Each structure stands twice: as C-alpha cells, then as structure tokens.
Amino acid sequence: MVKSKRLAYDGRGNAVAKTAEDLSSAVAVLGGFERGLYVEKWAPFIKELAVIVARGRDNSVLCYPVIETIHKENICHIVKAPASIPWKIQRQATDIAYKAVSSLEGAGVFAIELFLTRDGQVLLNEVAPRPHNSGHHTIESCYTSQYEQHLRAVIGLPLGDPSMKTPAAIMYNILGEEEGERGFRLAHQLIGRALSIKGAAIHWYDKPEMRKQRKMGHITIVGSSLGNVEAQLNALLSEEGRDCQSAVQPCVGIIMGSDSDLPVMKDAARILDAFDVPYEVRIVSAHRTPDVMFRYASSAQERGVQVIIAGAGGAAHLPGMVASLTPLPVIGVPVRASVLDGLDSLLSIVQMPRGVPVATVAVNNATNAGLLAVRMLGVGNPDLLARMSQYQEDTKEDVLTKAEKLQREGWESYLNP
C-alpha cells in the first residue's frame, strides 16, 4: 500500500501496488514523489476493527467497546457495535488501542484503526487524533458520546462512561450516490424510509453540494441484538425499501427433534405470542440432522436469538448438545414419549456435565418454558418485566375468582354448572 503523507483521508492518498511493476503507476496516481510517499506491507486482514479511546488531561485513559468497520471504495460505510469477535480478540484489540494512546501526547478522543488477520493477530493500522466516523454510533448507543467525551478530555473534566447503553448498534454512512439534485433525492428517500424504523436516528450534515461518495450524513439503528439491527438495515437498503419494521429478528428459538413434539412445544409459542416476543420454530434433530443442529446453535447468537427452548423426548440429547455449542441460555422441555413417561427425558436434561448448564421444566410443560424465556428477556426489558408482573397478578385474580365461586355455590354446583 503506497500512501501520501499529506491530504490523505477517506481512502484518498492510497494506491495499491500488487507487483513491482505497479509501483510506478501507483506513484503517478498519488502525484509523484514530491507529495511525500511511504509504503506499508499489505496486511491480509479478514476484518477491520476500531477502538475509540479517550485520554484526559490527567492522563486517564478510557476505551469504548471494539467495533467492526466495513468500507466501500476505501470509505467507512458501515459500523457494527460491538464487533462480532471472540472475547480474547476484544481484549487484545483494546489492549493495543490503550497502549497506542498511552504512548502519545495530547488530550481528547483518538480513533485506533486495527486489522484482524486470519490467524488471530490484531495489527495497528492508523491512529486518528480526533472524533472519528467509527465513533458516530456513540451518540445514540453509549452513555457518553465521543463528542461529549472529547470536550470533557480537552477541558479537563472527568471522563464519562464509554460503555454501551444498548445491546447493539449499527451505523450507516449516507454517501452521495449521484451528483447534484438527483443525489439529494436518493438520500432523502433513504432518510424517509429510515424514519419508520424503531430505534433509528438520522443525522444530516446539511452540506450544500452533493458529490458521489461524499459523506452527507449517517443513520444509526440501535436494538436488542446485532442480528436485529442488521436485519433492519438490510430491509432499509433493499431495492423495495418497504416494511422495514417487519425485519425484526426472533428473540427466542423454539426447536424440537421431531414434529411429534410440536403439540407440546406449541404452548411455548402461545406464551411468547401473548407477550409479543418474536420467535422462530424449527425442527432440529440432534441424531438425524446433527449438521443442521450445529449450524443452528452456532449461528443463533449472531442472528439475534437470545434464548433457546429445546424440546426433546426419548434420549433428550438436543437441549444439552445445543447448550454445548452456544453461550445462550437453553431451556429444555422433556416431552413425554410412549415409554418411561418422559422421566428418561427429564433425567437426561438435568444430568448435564459441569460447564454445560441447561435449565428445565416439568415434563410436557412448554408453557413454563415460554414464561421462563420471557423472564430471562425481562432482565433487560422493563416493559416485559412489567407485563410479567401483570401476568402474575391476572393469575392471582383468576384463582381468587374461582375460590369465591366455589365458596358461594358449593362443590356440586361448581362441578355441574
């Protein structure tokens, strides 16, 4: 990668030379040696990461969560927060960003751009000493935006909390698609569709001139999971661009080894319907389709699923196998089979080895599995928690009504109305 030392931003001032013969043309494209050029070895990265770091006047340093950046024609196009990477890589990226800023002078916000290679290395790419495009999402997604943080750092105030106040966010740069008036119309059509998306915030920079690939604004979508906000963005960017709200991803996965389990597992679906919790229902057999089970469990978190309800009869391996493949909570539902009355299923689920926890409910009680899933989701959702409290109150009132009727009419009339 041949780079210019001056006037290089948003991919400008960069030229790729794949062979020695390409060097002359790369130098010419960049304006010649008088521009001041330097060369970097090409990094075979699989993801581009970034960390916004704040440094106070008292040399205190705080790091925002690691994010992934996706570029279009060398311009930051989409930012995903937090980055979908292993915790070990997150720690490595944060440590490198912390050390990079600690080695520099000055107070304020720094953007540390990184490469993640296929073999798991994190390489330092660039340091931008300013609020940065990769930190725009912090306006909506973090307790302290990068702009407030920059002012705090420069003025000498205590640094604010950089953690995310929402589980996930995605930022989309509105780049000029066409020159002039047509470009403005296309951008405004996109903004119009974005206004219908729950959790979306639009920032328009009010630049007087529209040029192709010029940054004109950005859209940030926050939500309950990265899979959810990605689905909403994909719906927004689709050719039709309609019904963006319908792109909500399932929060709960209901799976079973056979359709014979469905008459039991439907009760979990009915509970989730009552609480307006989006879910999906799938047949995933641990024995007959182990590859399907592996793909489902491995992708569930990335797709936005937060709880899995797994029904199983007979050997009941499905809940435990899925729990071993995902960090998500798994609720096992023992389904009564034609023999052993469901006890074999129950015992199989509750006897998981240490390190692979699986919750369970009574035999055939998918209703409680659905309620438990709602309670798990309610930990981070005040509305669901309030609705669960109301459900308990309604259940109490139902029992009291029945008790009053029994006392008033007597047991014979109660049984024979």
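Here is a short chat about reading aromatic pairs and helix contacts in a predicted model.

Reader: Let's start with the rings. How many aromatic pairs does a search of the whole structure find?

Author: Four aromatic pairs turn up. To read one, remember that a pair of aromatic rings is described by the distance of the centres and the angle of the planes.

Reader: Okay, what are the distance and the angle for Phe184 and Trp204?

Author: Their ring centres sit 6.3 Å apart and the planes are at 65°, so this pair is edge-to-face; the cut-off for that label is over 60 degrees. Phe184 belongs to helix H5 (residues 180-194) and Trp204 to strand E11 (residues 200-204), and the two are 20 residues apart.

Reader: Are Phe184 and Trp204 buried or partly exposed?

Author: One of each. Phe184 has 15% relative accessibility, so it counts as buried, since the limit is under 20%. Trp204, at 28%, counts as partly exposed.

Reader: And what kind of pair do Phe275 and Tyr391 form?

Author: A tilted one, with 5.8 Å centre to centre and 50° between the planes. Phe275 is in the loop between helix H7 (262-274) and strand E14 (279-283), while Tyr391 is in helix H12, so the pair ties together parts that are 116 residues apart in sequence. Phe275 is buried, with a relative accessible area of 5%, whereas Tyr391 counts as partly exposed at 31%.

Reader: Which residues form an aromatic cluster?

Author: Trp42, Phe45 and Phe115 form one.

Reader: Now the helices. At roughly what angle do H11 and H12 cross?

Author: For two helices, look at the axes. Those of H11 (residues 366-378) and H12 (residues 382-409) come within 7 Å and cross at roughly 140°. The two helices are therefore oblique to each other, as roughly antiparallel would need an angle over 145 degrees. Their crossing is left-handed.

Reader: Which residues of H11 and H12 meet?

Author: On the H11 side you'll find Leu371, Val374, Arg375, Leu377 and Gly378; on the H12 side, Pro382, Leu384, Leu385, Met388, Tyr391 and Gln392. Sorted by type, the residues of this contact are eight nonpolar, two polar and one charged.

Reader: Last one: how do H7 and H11 cross?

Author: Their axes come within 7 Å and cross at roughly 35°, and the crossing is right-handed. Val264, Met265, Asp267, Ala268, Ile271 and Leu272 of H7 make the contact with Ala366, Thr367, Gly370, Leu371 and Val374 of H11. Here the residues divide into eight nonpolar, two polar and one charged.

Key
Residues are numbered from 1 along each chain as its sequence is written. This is a predicted model: local features need pLDDT of at least 70, side-chain atom pairs count only at pLDDT 80 or more; totals for chains, interfaces and linings use all residues. Side-chain values use heavy atoms; hydrogens and water are left out. Axes are lines fitted to C-alpha atoms, for helices over the stretch in contact, and angles run from 0 to 180 degrees between N-to-C directions. Helices (H or I, at least four residues) and strands (E, at least two) are DSSP runs, numbered from the N terminus. Angles under 35 degrees count as roughly parallel, over 145 as roughly antiparallel, 65 to 115 as roughly perpendicular and the rest as oblique. A crossing is left-handed if the near helix is turned anticlockwise from the far one by less than a right angle, and right-handed if clockwise. Contact means heavy atoms within 4.5 Å. Ala, Val, Leu, Ile, Met, Phe, Trp, Tyr, Cys and Pro count as nonpolar, Asp, Glu, Lys and Arg as charged, and the others, Gly among them, as polar. Rings of Phe, Tyr and Trp (its six-membered ring) pair if their centres lie within 6.5 Å; planes under 30 degrees apart count as stacked, over 60 as edge-to-face and the rest as tilted. Buried means under 20% relative accessible area, exposed over 50%, partly exposed in between (1.4 Å probe, protein chains only).
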